[in-house]
Amino acid sequence: MNAQFSKPKRFGEILDHTFRLSKNHFKDFFLIVLVLLGPVYLLQALIELASGVSFFRTTGSGETWFDGIVNSFSGEFTAEEGPAVNVGAELGTALIGLITMILTPIAQAAILFTLNHMRKNEDYSVKLVIKEGFSRFWPIIGSSILFGLIVFGFIFVPVFTIGIAGVFSAALFDTGVGVIITIVVLFLLIAAIVAYLLARWSFYLGATAIEHDAPGLGRSWRLTKKRTFTIIGLYIVFGLILGIVNTAFELTFGLVLGNSVLYGMILNVVTLFTTMLFAVGFGVMFFDLKTRHDADDLNDMIDDYHTI
């Protein structure tokens, strides 16, 4: 067993281990996401080119350069710049989104298998771990769909609940202050509950891929016992880091290139990097939880043995 994976880690150690692994094995991790998602993003670029989007730089209508750049993202083009809506391009974009949703969890699973081989000091190759990811294709896709439906329910139901609460609050309070306070308090309460539940179930992918325990929600619930708030904190940190990286590239290249094909390709490369980094962080968290849980199970077995 690799010493880096064999002991439980604190909050900062998980982050440090994630970045160190991403740096030392960048070629393998990035090649996994590139092989699986790169062709999809290339197809997206070809569809945009076929629909008339400029490759290097796109500007929309506007009196100033900045207005033109902004309008290129909102779809406001002049008559000479081509149609605002292309049905074929819209259908192609929808297909790209569907393929991406299918292949992203497979890429994450392949990275999980890579980390598992490292953890066991086993030899591996990019081809091997991708094949292992596809070997669990249907359980992973089925579990991901189930988790996606849960996430959708956790978004739809709170929005509906907050809307109803806002209507009743408006009837009870004469001023808008009472309505706002009610909505804010209810939103924070529901957000905390949703974050807690999703954090407890979020490691279904690791259980499904590595442990062959589909859909993995029960296993994830057991693994995250007593570590929920640490996990939520790690998700927040990873979200902030990846969000800052994405925003920096979007603003920098968006102001120069507009909503062009080249701009989209650059953002897709950034997305490959952030997907890779999050998958490595997710894997480090999963195996840390597994190490903690398996150690607790072993201690319980020892205690039971001494009791007998």
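Reply: Phenylalanine 249 is found in helix α11, which covers residues 228-257.

Me: Why is phenylalanine 249 called partly exposed?

Reply: Its relative accessibility is 33%. Buried requires under 20% and exposed requires over 50%, so phenylalanine 249, at 33%, counts as partly exposed.

Me: Which residues does phenylalanine 249 touch, not counting those up to four places away in sequence?

Reply: They are Gly254, Tyr263, Ile266, Leu267 and Val270. Valine 270 is 21 residues from phenylalanine 249 in sequence, and their C-alpha atoms are 7.8 Å apart.

Me: Why does serine 144 count as buried?

Reply: Serine 144, in helix α7, has 18% relative accessibility. The cut-off for buried is under 20%, therefore serine 144 counts as buried.

Me: What makes the link between the side chains of serine 144 and tyrosine 204 a polar contact?

Reply: The distance is 3.2 Å. A polar contact needs N or O atoms within 3.5 Å, one able to donate a hydrogen and the other to accept it, and this pair is counted as one.

Me: How do you know whether phenylalanine 152 is buried or exposed?

Reply: Phenylalanine 152 lies in helix α7, residues 137-172. Its relative accessible area is 55%; exposed means over 50%, so phenylalanine 152 is exposed. Together with Phe156, Val157, Phe160 and Ile164, Phe152 makes a nonpolar surface patch of about 530 Å².

Me: What is the average pLDDT of the protein?

Reply: The average is 84, and 80% of the residues score at least 70. Over residues 77-84, however, the pLDDT is below 50. Where pLDDT is low, the predicted coordinates should not be read in detail.

Conventions:
Residues are numbered from 1 along each chain as its sequence is written. Side-chain values use heavy atoms; hydrogens and water are left out. Patches are made of residues with over 30% relative accessible area and no salt bridge: like charges are joined within 9 Å, nonpolar side chains (Val, Leu, Ile, Met, Phe, Trp, Tyr) within 5 Å. Accessible areas come from the Shrake-Rupley method with a 1.4 Å probe; for residues, only the protein chains shown count as cover. A salt bridge is a side-chain nitrogen of Lys or Arg within 4 Å of a carboxyl oxygen of Asp or Glu. Helices (H or I, at least four residues) and strands (E, at least two) are DSSP runs, numbered from the N terminus. Buried means under 20% relative accessible area, exposed over 50%, partly exposed in between (1.4 Å probe, protein chains only). pLDDT is the predictor's confidence in each residue, from 0 to 100. Contact means heavy atoms within 4.5 Å.
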